[in-house]
Amino acid sequence: PTNLNGMLMPVTAWGVKLISIGMFAGADRAILWRGPRLQRSLEQFLSDVWWGDPDVLLLDLAPGPGDMAISVAVRSGLVALQVPMKVRGVVENMSWYEHKGERLEIFGAGGGRRVSDQLTETLGYDVPLLAQLPLDPDLREVGESGRPAVLNEDGALRSDALGRTFRELAEGLLRSE
């Protein structure tokens, strides 16, 4: 990211602006920020990064249904009370891993629903669980290559279940503006 007059300019790829804690720590370091430090970083990314006027702002948080992960996710959603935005929903990433026809819930179950329920109660309007996405090694590889998950190597839209899930999620978010 570039600093321009005290504001960070996010990196742009495929028309999507992004910022990541990893961009500041270096690719060779693990990030284990939790609680207040992670919350301060998220708030700084919202206030010190020039996002312009985005259609959708996604916060990608660490996986897990534990109290710490749930608490950080809920507090991140509550930032909507401080800035003029509406939390449109929760997407539970890495919900399960498909192994030999069985869904293994590596990080536990129900975290996305708990975040959705807590945000709905606290914000006073419906914050639905929009999608539950699997832990998919192909998705990681595609993401690390820099290609959007909805595109094949040739740039065509993926027609598999994961590609359809991402497209439906994006279309739903844009329809509900």
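Buried means under 20% relative accessible area, exposed means over 50%, and partly exposed is in between (1.4 Å probe, protein chains only). By that cut-off, buried residues make up 27% of the 177 residues in the protein. This is a predicted model, in which local features need pLDDT of at least 70 and side-chain atom pairs count only at pLDDT 80 or more, while totals for chains, interfaces and linings use all residues. Residues are numbered from 1 along each chain as its sequence is written, and side-chain values use heavy atoms, with hydrogens and water left out.

Start with the layout. The protein has six helices and eight strands. Both are DSSP runs numbered from the N terminus: helices are H or I with at least four residues, strands are E with at least two. Their order along the sequence is β-β-β-β-α-α-α-β-β-β-α-β-α-α. A contact means heavy atoms within 4.5 Å. Of the contacts with a separation of 6 or more, 62% join residues 24 or more positions apart.

Now the surface. The protein exposes about 11500 Å², and carbon and sulfur atoms supply 53% of that area. Accessible areas come from the Shrake-Rupley method with a 1.4 Å probe; for residues, only the protein chains shown count as cover. Met23 lies in helix α1, residues 22-25. Met23 counts as partly exposed because its relative accessibility is 32%.

Arg40 sits in helix α2, residues 35-47. With 52% relative accessibility, Arg40 counts as exposed. Ser76 is 36 residues from Arg40 along the chain, and their C-alpha atoms are separated by 9.9 Å.

Which residues of α6 are buried? They are Leu162, Gly163, Leu169 and Leu173. Seen down the axis of α6, its buried residues fall within an arc of 130°, so they line one face of the helix. The arc is that of the directions from the helix axis to the C-beta atoms. An α-helix has 3.6 residues a turn, so residues three or four places apart point the same way. Glu168 and Arg175 are exposed, on the face of α6 turned away from its buried side. The cover over the buried residues of α6 includes β5 (90-92), β8 (129-132) and α5 (137-145).

Helix α6 itself spans residues 161-175, which is 15 residues. From first C-alpha to last, α6 reaches 21 Å, close to the 21 Å expected at 1.5 Å a residue. The expected span is 1.5 Å times one less than the number of residues.
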